[in-house]
Amino acid sequence: MGNLITSQASSQTNHVQILRKANNDDLLNLCKYFQYEKLVKKIKDCRLNGTHFTSYSQAYLGQKGTSVPYERIKLIAELVEEYNVEENDAEEFIKEVIDKKLEMEKKVMDEANVDESEELFNTVSNSPSLIRVPSEEYNKDVKEEDTYDPRVTIVIESLTDLEKQRVKKVKEKLDLCMNNLIERYSFEKLSNYGLTGDIEADAQSLVCKDKFLYNFFGSTMKNPKISKDKRNPKEDAFLSVKLVISFANGSYNNNDEENNISGNNGTTLDLKRKIIGPLYKFGYFHSFILIGQFRIDWTHDSIVTIKLAGGFNEKEAIVAIDLGNFTTKEEIEKAFHAIADVSIQYNGEKDYNSITCNNQKFTSKLLKEFEKINREVIIPKKNSSFERYFKELKKGETKRIFYYNDELKKLIYNKQVEEKYKEFYDKNLIIFNSRREIDLFCHWLKSLKYFETESGKVDYYLLKAFDRGFCLQSEDEMDDFLVVNGKEKSFFSNSGRGEDISLIQIKYNTQNLSFPLPKY
């Protein structure tokens, strides 16, 4: 156990260890030393450790740009929200224990004539510098169960030249948008997006690949509350990819540039979609990727945000289309690395532009990388209603329209009309107004064996997306199913309930895939 307390002779500074390296026992000893008892039980039960005070310590010791009052407010909010500490108790604990300990560290720094945290490490405790070392050596020293704190930063000098350039770029972005992010999400909810509010730490998480992979994916995979039943090595691996297209002015990222084009005039918005929609791959709409339960999104803040599914207004989704699955652990790992590589490049090198560098450009780049891993995970381009739907979407058409193609028309030609499906014959297209219509239509296509054709295999996913669209917008729960073999059955959902095909209750299995802790 490290000794955080000075000896009787205060000059014996070599026995002082820095606060942010403290374990739980060290914190308890600090409370005892400073004769503070109120939160001792809470600290012990919550296994609180020094990493929770990293940002505050750095500000207090003058090692980062943010002010002490700013970091104090953040720290109090974290103690209140994460550990259910009363606000007055949190303030008292910081004043009576944390500030006093940091004053001791500050004195050591002044006496040793150092002003950098890594020099302080070596001066007062001979702790190793946070350097980037080969993963084999790193993994020998760091156990998998060690606590990960995204606020801990990598020593700048140990970053590669490219990482330094990208950190500088993304810090400039965060300086501009962090206050807006905090106002939009609050300190407590920033963590849902893999952010902490600490600009230096967040910049590294966004552009340093090892920290990016663990911060956004690895830590979630290790969380038993989130990943239960999603990491089973005894079952086949699979991870679904979905393309979600929503109204530009309904996206959670609140893109003012896109919103203000339309103003409050719906007619103007429709006109804009028809005029400038062809300039966009998916029309004048917002698009993002869902891979497993992770939403991958390039926003107008010029930051790639990654969040567990559910953090957007589902009612604004036009379609959420299944693009296929990665079906081996190796493919899944490559997919996460591809996301990291593309995201890091965008975070560290690119700025959002509504025409040249928008969310659709980012989405398309990701899909191209996915195609290199598994050619089945792509947007189909063949003679299908799927292809025609996207052409019309680019022009601003948002209705759920299925276009009859030549392959389907051949199956219908000279075929005896079945009474229960008669409404679907002699058409070139159909506009769906309810789940019931989609359900009946799909059973008809199945009876024609259309889903066994090349176009049908593709259009299956479009029709499923239409069905999901009704569920997302809560327009139609369809409680009267088609009777098949004496049983009521919905085509895409056995129960007919919307949550069966929702974007929230997503099933996947990454087996025992994991990412190592970042190399500090």
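View 1. R435 is buried, with a relative accessible area of 0%. In this predicted model, R435 forms a salt bridge with D467, and the closest N and O atoms lie 2.8 Å apart. The pair links distant parts of the chain: R435 belongs to helix 18 (residues 435-447) and D467 to helix 19 (residues 454-472), 32 residues apart. D467 is buried as well, with a relative accessible area of 2%.

**View 2. The salt bridge between D89 and K38.** The closest N and O atoms of this pair are 3.5 Å apart. D89 sits in helix 5 (residues 87-112), whereas K38 is in the loop between helix 1 (24-33) and helix 2 (40-45), 51 residues apart. D89 is buried, at 17% relative accessible area, because the cut-off for buried is under 20%. K38 is exposed, at 51%, because exposed means over 50%.

**View 3. E418 and its surroundings.** E418 is found in the loop between helix 17 (406-412) and strand 7 (429-431). With a relative accessible area of 31%, E418 is partly exposed. Leaving aside residues up to four places away in sequence, E418 touches Y425 and S447. E418 and W444 are 26 residues apart in sequence, and their C-alpha atoms are 9.2 Å apart in space.

**View 4. The salt bridge between K422 and E419.** Here the closest N and O atoms are 2.8 Å apart. E419 counts as exposed, at 58% relative accessibility.

**View 5. The largest nonpolar core.** This core has 94 residues, of which F217, I291, I296, F336 and F402 touch the most other members. Apart from it lies another core of 27 residues, including L27, L30, I76 and L102.

Conventions:
Residues numbered from 1 in each chain as written. Predicted model: local features only at pLDDT ≥ 70, side-chain atom pairs only at ≥ 80, totals over all residues. Heavy atoms only, no water. Core = buried A, V, L, I, M, F, W, Y, C linked by side-chain atoms within 4.5 Å. Buried < 20%, exposed > 50% of the residue type's maximum accessible area, 1.4 Å probe, protein only. Helix = DSSP H or I, 4+ residues; strand = E, 2+ residues; numbered from the N terminus. Contact = heavy atoms within 4.5 Å. Salt bridge = Lys/Arg side-chain N within 4 Å of Asp/Glu carboxyl O.
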